[in-house]
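Let's take a friendly walk through a protein model and look at how some of its charged side chains pair up. Have the structure open as you read.

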Amino acid sequence: MSVTRLDGTRLRACARDLAALLVDTVAGGSSVGFLASLDLAAAVTWWTGRADEVDGGHLAVWAAYDGEHLVGTVSLAFADKPNSRHRAEVVKLMVHPRARGRGLGRTLLTAAETAAADAGITLLHLDTETGSPAERLYGSAGWTRAGVIPDYATSPQGEPRPTTIYYKRLGVPAPTR
C-alpha cells in the first residue's frame with residue numbers, strides 16, 4: 001500500500017476513483033456527509049470541487065493505493081480565520097471494505113497528523129457517528145473524546161444519529177486515562 005498527497009491536478013485526475021470510494025462508503029452505511037441516494041456523477045462533481053480548495057491550501061487530500069487501485073483517503077481542512085489557524089479538521093477518512101482490517105485507516109490518520117504537525121498545526125478535531133467502528137480507531141490512536149451531540153447528522157438513510165466529537169493535541173503528550 002502507498003499513500004500519496006494529492007495536488008489539485010492529481011485530485012481532478014482521480015476524482016472518479018475517489019467518487020467510487022465515496023459511493024461505496026455511503027452505500028455501506030458510513031456517515032460521511034452524504035445520503036444513500038448518492039450517485040457516482042454527483043460524487044465526481046463533489047470531489048472535483050475540492051481541487052480548488054487543495055490548490056488554494058485550504059484542504060489537503062491523501063489517497064491510498066493498493067497497486068493501481070485507490071482503496072482509501074483522508075483529508076485535512078485548514079481553518080481560515082485568524083484566531084483558528086493553529087487547528088485543522090480531519091475529514092472524509094474512508095477505507096474501501098476490501099482493504100479494511102490491515103491498518104490502512106491508522107496509516108491514513110497518521111499521514112494527516114504528521115502533515116498537520118509539519119505545517120505547524122497544534123490541534124486537530126473530527127466528528128464521527130457515535131458507535132461507529134471509527135471510534136475504536138480514534139481512541140486507540142490517542143484522540144480524546146470531547147462529547148456527543150444528539151441528532152447531529154443523519155445516517156445515509158436519513159435517520160438522525162448522534163455524533164461524537166474528538167480532538168488531538170499535536171506535540172503535546174496525550175492525557176493519561
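## Confidence in the model

The average pLDDT of the chain is 94, and 97% of the residues score at least 70; pLDDT is the predictor's confidence in each residue, on a scale from 0 to 100. Helix H1 (residues 8-13) has the highest confidence in the chain, at a mean of 98, while helix H5 (residues 134-140) has the lowest, at 95. Helices here are DSSP runs of H or I with at least four residues, numbered from the N terminus. Where pLDDT is low, the predicted coordinates should not be read in detail.

This is a predicted model, in which local features need pLDDT of at least 70 and side-chain atom pairs count only at pLDDT 80 or more, while totals for chains, interfaces and linings use all residues. Residues are numbered from 1 along each chain as its sequence is written, and side-chain values use heavy atoms, with hydrogens and water left out.

## Salt bridges between helices

How many salt bridges does the count come to? There are eight, where a salt bridge is a side-chain nitrogen of Lys or Arg within 4 Å of a carboxyl oxygen of Asp or Glu.

Find Arg12 and Asp52, which form one of these bridges, with their closest N and O atoms 2.9 Å apart. Arg12 sits in helix H1 and Asp52 in helix H3 (residues 40-55), so this pair ties together parts that lie 40 residues apart in sequence. Arg12 also meets Asp55 in a salt bridge, at 3.4 Å from N to O. This second pair links distant parts of the chain too, with Arg12 in helix H1 and Asp55 in helix H3, 43 residues apart.

Are these side chains buried or exposed? Buried means under 20% relative accessible area, exposed means over 50%, and partly exposed is in between (1.4 Å probe, protein chains only). Arg12 is partly exposed at 35%, Asp52 is exposed at 54%, and Asp55 is partly exposed at 49%.

Now look at Glu53 and Arg50, whose salt bridge has its closest N and O atoms 2.9 Å apart. Both residues lie in helix H3, three residues apart, which is about one turn of the helix. Glu53 is partly exposed, with a relative accessible area of 28%, whereas Arg50 counts as buried at 17%.

Methods. Helices (H or I, at least four residues) and strands (E, at least two) are DSSP runs, numbered from the N terminus.
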